[in-house]
Amino acid sequence: MKLSIDHKSPVPLHIQAEQLLRDLIKDPAYKAGKLLPNEVELAKKLAISRTTLRQAINKLVYEELLIRKKGFGTKVATSKISSKAMNWLSFSQEMKARGITVKNYELHVSWVFPDDTVAGFFEIGTEKKIVKMERLRGSAEDPFVYFISYFHPRLGLTGEEDFKRPLYEMLEEEYSAVANLSKEELSAISADKFIAGKLEIDTGSPVLLRKRFVYDQGERPMEYNIGYYKAESFVYTVESRRS
């Protein structure tokens with residue numbers, strides 16, 4: 001990749017340097033963990049001061065795109081998977097929209113008796129079994145989320161469905177069940193031995209717990225979902241607009 005700055009351009013040098021760095025970290029040669037060229041050498045090559053270059057680097061460090069360590073250098077940060085509160089597509093659709101290929105590490109479907117919490121949400125008794133799905137998912141490198149989903153018996157699931165498909169797409173096409181409303185609860189927890197084993201982290205490591213309550217077009221409950229996200233690989237953003 002050619003590294004150069006147009007000194008005749010009206011665009012400030014630090015802005016040009018910032019854009020150059022943004023382009024640089026997208027280059028396959030500078031994938032996550034790769035060190036950037038030495039600051040002194042890069043500033044010299046671009047014919048700008050180290051102060052100007054550092055201003056650009058600081059902006060990307062603030063955005064968590066770069067990591068700087070004294071005496072070590074500046075490297076490209078590992079990308080975090082991002083999810084937005086206004087975007088509650090199925091996980092597969094959400095990740096596809098972000099250009100992320102999802103790998104299924106585990107998929108288990110079973111019939112279980114719901115506990116009081118799940119039964120209360122579905123407004124059913126605890127004596128009738130319902131479909132439970134567990135999925136361990138992540139990138140090609142490692143798993144970063146463990147899902148547990150329970151489905152209302154009204155949907156008519158058999159447990160033989162192809163749960164490798166985008167969930168809400170499958171429910172709509174095969175059962176005419178259209179997910180229309182999602183309510184969520186977020187909390188930070190420490191991974192117990194079971195979750196730590198699934199996410200390949202140490203027991204006690206921080207985990208984002210997301211509970212999702214999904215309703216159909218008639219606002220009837222259809223799915224109770226619990227997601228355990230590896231904190232170091234996932235960031236959850238919330239957007240609010242003043243009305």
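**View 1. Pairing of strands β1 and β2 in the predicted model.** Strand β1 (residues 66–69) runs antiparallel to β2 and is joined to it by four bridges, where two strands are taken to pair if DSSP finds at least two bridges between them. Helices (H or I, at least four residues) and strands (E, at least two) are DSSP runs numbered from the N terminus. Within this pairing, Leu66 stands opposite Val76 of β2, and in the hairpin, which has three residues between the strands, Gly71 adopts a positive phi near 80°. Because the model is predicted, local features need pLDDT of at least 70 and side-chain atom pairs count only at pLDDT 80 or more, whereas totals for chains, interfaces and linings use all residues. Residues are numbered from 1 along each chain as its sequence is written, and side-chain values use heavy atoms, with hydrogens and water left out.

View 2. Thr74 belongs to strand β2 (residues 73–76) and counts as buried because its relative accessibility is 7%, buried meaning under 20% relative accessible area, exposed over 50% and partly exposed in between (1.4 Å probe, protein chains only). Leaving aside residues up to four places away in sequence, Thr74 touches Lys34, Leu35, Leu36, Glu39, Ile57, Leu66, Ile67 and Arg68, a contact being heavy atoms within 4.5 Å.

View 3. Ala47, in the loop between α2 (39–46) and α3 (50–62), has a positive phi of about 60° although it is not a glycine, and Ala47 counts as exposed because its relative accessibility is 52%. Ser176, in the loop between α6 (167–175) and β7 (179–190), is likewise not a glycine and has a positive phi of about 55°; with a relative accessible area of 63%, Ser176 is exposed.
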